[in-house]
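Me: I have a structure open and would like to learn how to read it. Can we go through it feature by feature?

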Amino acid sequence: MEEKIVARIASAIGVEDILERLARLPATDLQSLLLSLYRRRSAERSPADLLAQYERSGMLRPSTADSRRMSDVFRTAFECAAAFEAVELSPIAPLGLNRVLGEIDQNNCLATVRGAEVLADPTTLKALECAHRRRAGVSGAIRLCSGSRQLRLQPFDAPGFSPHFGLFSLVTADRDRGGLEFEMESLREHLEVYLGLLERLSAHGYDLRSIRVAVSDTSEDPERLRRAELEVSEVLSARFSAVDFGIDLKRQQGRRYYSGLCFGLFAKDIEGEEKNLADGGFTDWTRRLLSNAKERLLVSGMGIELLVKRFLSAEC
């Protein structure tokens, strides 16, 4: 469809290779061209145009989640992640960040005319921050957490999902210590934050049933899975006895996004439907950004908006 649209426009303008020509322009020239174009188009818009666009586009309208409830959950999440440095992320990221690191289709991100894109994934942006700090001389572990609102443009038709949404996320970056030490420690740490948050929310009006954690490995490495079962699942089950911990050998989601161990955290909502509340895993992003095979990075996120929309008890 996209190719047909480009071909139609090229034919109408009379320049068959218009896309190739524009792609070859220096970035500053293309930016100036687009700024001039959008300045002209915005000057032609009327108040009625603005209202019509607002009414038809879900990405422009407010969330249906209660903002005070969202703030309460975010505050509790930050308390549970006390070992992580809290950072306030920029609402934009470098153009192509999620395509280059996470292999996410660029059509799912909102690009700007200034060589940037609206935040679509806070963990890729925090990976850049970790790489920046490493290059600035930080040698030890880097633990960052954030609460952010991001925009993704793929279709959403499931209850509780919308183009822009609130997410609490964690990243931990370090260098390889050998013996999977970093992997086990950081995986346990991330899960402990999320399970601790659910534990506290359950005591304050959130109906979270059948909570379970499923650990997988993109390479189905038996040694990594065995270690995760012994050093992560069994350790955490001693504190979170009501949580079901297991190994998922059939997971396909995120195989191009993660590299190695990954996890999903699930619970049944007030209607008895199981929802994926949190997801995380190891990536090669800092290795690639720093061209250093010793770098390690664990990223994860939890849908705060989904919690407020689908798990808040009717009595609250």
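This is a predicted model: local features need pLDDT of at least 70, side-chain atom pairs count only at pLDDT 80 or more; totals for chains, interfaces and linings use all residues.

Me: How much space lies in the largest cavity?

Reply: About 30 Å³. A search of the whole structure finds 1 cavity of 30 Å³ or more.

Me: And the open spaces? How much space lies in the largest pocket, and which residues lie nearest its centre?

Reply: A cavity is a space that the probe cannot leave, whereas a pocket is open. The largest pocket holds about 1,400 Å³ of space. Its lining has 30 residues, and L34, Y38, A111, T112 and V113 lie nearest the centre. Helix 1 (2-13), helix 2 (18-24) and helix 3 are the elements that each give two or more residues to this lining.

Me: Which element gives the largest share of that lining?

Reply: Helix 3, with 9 residues.

Me: Let me look at a residue of helix 3. What surrounds L33?

Reply: L33 lies in helix 3, which spans residues 27-43. Set aside the neighbours within four places in sequence, and L33 is in contact with L22 and L25. L33 and L22 are 11 residues apart in sequence, and their C-alpha atoms are 9.8 Å apart in space.

Me: Take strand 5. How many bridges join strand 5 to strand 4, and how many to strand 10?

Reply: Strand 4 (residues 142-151) pairs with strand 5 (residues 164-175) over 10 bridges, in the antiparallel sense. Strand 5 and strand 10 also run antiparallel, joined by 9 bridges.

Me: Why is strand 5 called largely enclosed?

Reply: Because 11 of its 12 residues are buried.

Me: What about a residue in another helix? Where is S233, and is it buried or exposed?

Reply: S233 is in helix 9 (residues 222-239). Its relative accessibility is 6%, so S233 counts as buried. Leaving aside neighbours within four places in sequence, S233 is in contact with V215, A228 and F245.

Me: Next, the cysteines. How many disulfides are there?

Reply: The test is two cysteine sulfur atoms within 2.5 Å. By this rule the count is 0. For C109, the nearest cysteine sulfur is that of C130, 20 Å away. For C130, the nearest is that of C145, 12 Å away.

Me: Are C109 and C130 buried or exposed?

Reply: C109 is buried, with a relative accessible area of 6%. C130 is buried too, at 2% relative accessibility.

Me: Last feature: backbone angles. What should I look for in phi?

Reply: Most residues other than glycine have a negative phi, and most peptide bonds are trans. L180 has a phi near 60°. S291 has a phi near 50°.

Me: Where do L180 and S291 lie?

Reply: L180 is in the loop between strand 5 and helix 8. S291 is in the loop between helix 10 (285-290) and strand 10.

Me: Is each one buried or exposed?

Reply: L180 is buried, with a relative accessible area of 19%. S291 is exposed, at 69%.

Technical notes:
Residues are numbered from 1 along each chain as its sequence is written. Side-chain values use heavy atoms; hydrogens and water are left out. Two strands pair if DSSP finds at least two bridges between them. Helices (H or I, at least four residues) and strands (E, at least two) are DSSP runs, numbered from the N terminus. Buried means under 20% relative accessible area, exposed over 50%, partly exposed in between (1.4 Å probe, protein chains only). Contact means heavy atoms within 4.5 Å. On a 1 Å grid over the protein atoms alone, a cavity is a set of points where a 1.4 Å probe fits but cannot get out, and a pocket is an open set with protein on both sides within 12 Å along at least five of seven lines; lining residues have an atom within 4 Å of a point. Grid points are joined across faces, edges and corners, and a volume is the space filled by probe spheres set on the points.
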